[in-house]
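Welcome! Please take a moment with the sequence and the 3D view before reading on.

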Amino acid sequence: MKGTVLEILLSQLFKPLLPADIGVGTGQIIDAFGSTPSPQVDIVIYNKAILPPVLVDDNIGIFPIESVLYTIEVKTT
């Protein structure tokens, strides 16, 4: 639960600092070759203009690897 709260806080921190075509979310990363999706990624910073993600919620979804710029894992230790 602590980790989820930190993920939300960090993603809200990044959003105002990024240009409009850059998004922040959480979820899995996929590729065009049908490989196994990545494990859950805490924070994904992606470019909306390259290839938009399939979002289930405002921030939760599946992100094409072609549009992913950065990933961040949040640790609570």
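Here is a short tour of the model, its pocket and a few of its residues.

## About the model

This is a predicted model, in which local features need pLDDT of at least 70, side-chain atom pairs count only at pLDDT 80 or more, and totals for chains, interfaces and linings use all residues. Residues are numbered from 1 along each chain as its sequence is written, and side-chain values use heavy atoms, with hydrogens and water left out.

The predictor's confidence in each residue is its pLDDT, from 0 to 100. For the protein chain the average is 88, and 96% of the residues score at least 70. Helices (H or I, at least four residues) and strands (E, at least two) are DSSP runs numbered from the N terminus. Confidence is lowest in H1, with a mean of 77, and highest in strand E5 (residues 68-72), at 94.

## The largest pocket

The largest pocket has a volume of about 210 Å³. On a 1 Å grid over the protein atoms alone, a pocket is an open set of points where a 1.4 Å probe fits, with protein on both sides within 12 Å along at least five of seven lines; lining residues have an atom within 4 Å of a point. Points are joined across faces, edges and corners, and the volume is the space filled by probe spheres set on them.

In this pocket, 14 residues form the lining, and Ile-8, Ser-11, Thr-26, Asn-59 and Ile-60 lie nearest its centre. Helix H1 (2-14), strand E1 (22-30) and strand E2 (41-47) each supply at least two lining residues, with H1 giving the most, at five. By class, the lining has three nonpolar, seven polar and four charged residues. Here Ala, Val, Leu, Ile, Met, Phe, Trp, Tyr, Cys and Pro count as nonpolar, Asp, Glu, Lys and Arg as charged, and the others, Gly among them, as polar.

Let us return to Thr-26, which lies in strand E1. Why is Thr-26 called buried? Its relative accessible area is 13%, and buried means under 20%, exposed over 50% and partly exposed in between (1.4 Å probe, protein chains only). The side chain of Thr-26 reaches the backbone oxygen of Val-41 at 2.7 Å. Leaving aside neighbours within four places in sequence, Thr-26 is in contact (heavy atoms within 4.5 Å) with residues including Glu-7, Val-41, Asn-59 and Ile-60.

Ser-38 is found in the loop between E1 and E2, and it counts as buried because its relative accessibility is 18%. The Ser-38 side chain reaches the backbone nitrogen of Ile-29 at 2.8 Å. Beyond its neighbours within four places in sequence, Ser-38 is in contact with Gln-28 and Ile-29.

## Residues with more to show

Leu-6 lies in helix H1 and is partly exposed, at 34% relative accessibility. Leaving aside neighbours within four places in sequence, Leu-6 is in contact with Val-74 and Thr-76. In strand E5 sits Ile-72, partly exposed with a relative accessible area of 23%. Not counting residues up to four places away in sequence, Ile-72 touches Phe-14, Val-41, Asp-42, Ile-43 and Ile-45.

Terms used: A polar contact is a pair of N or O atoms within 3.5 Å; within protein, one must be able to donate a hydrogen and the other to accept it, and residues adjacent in sequence count only if both atoms are side-chain atoms.
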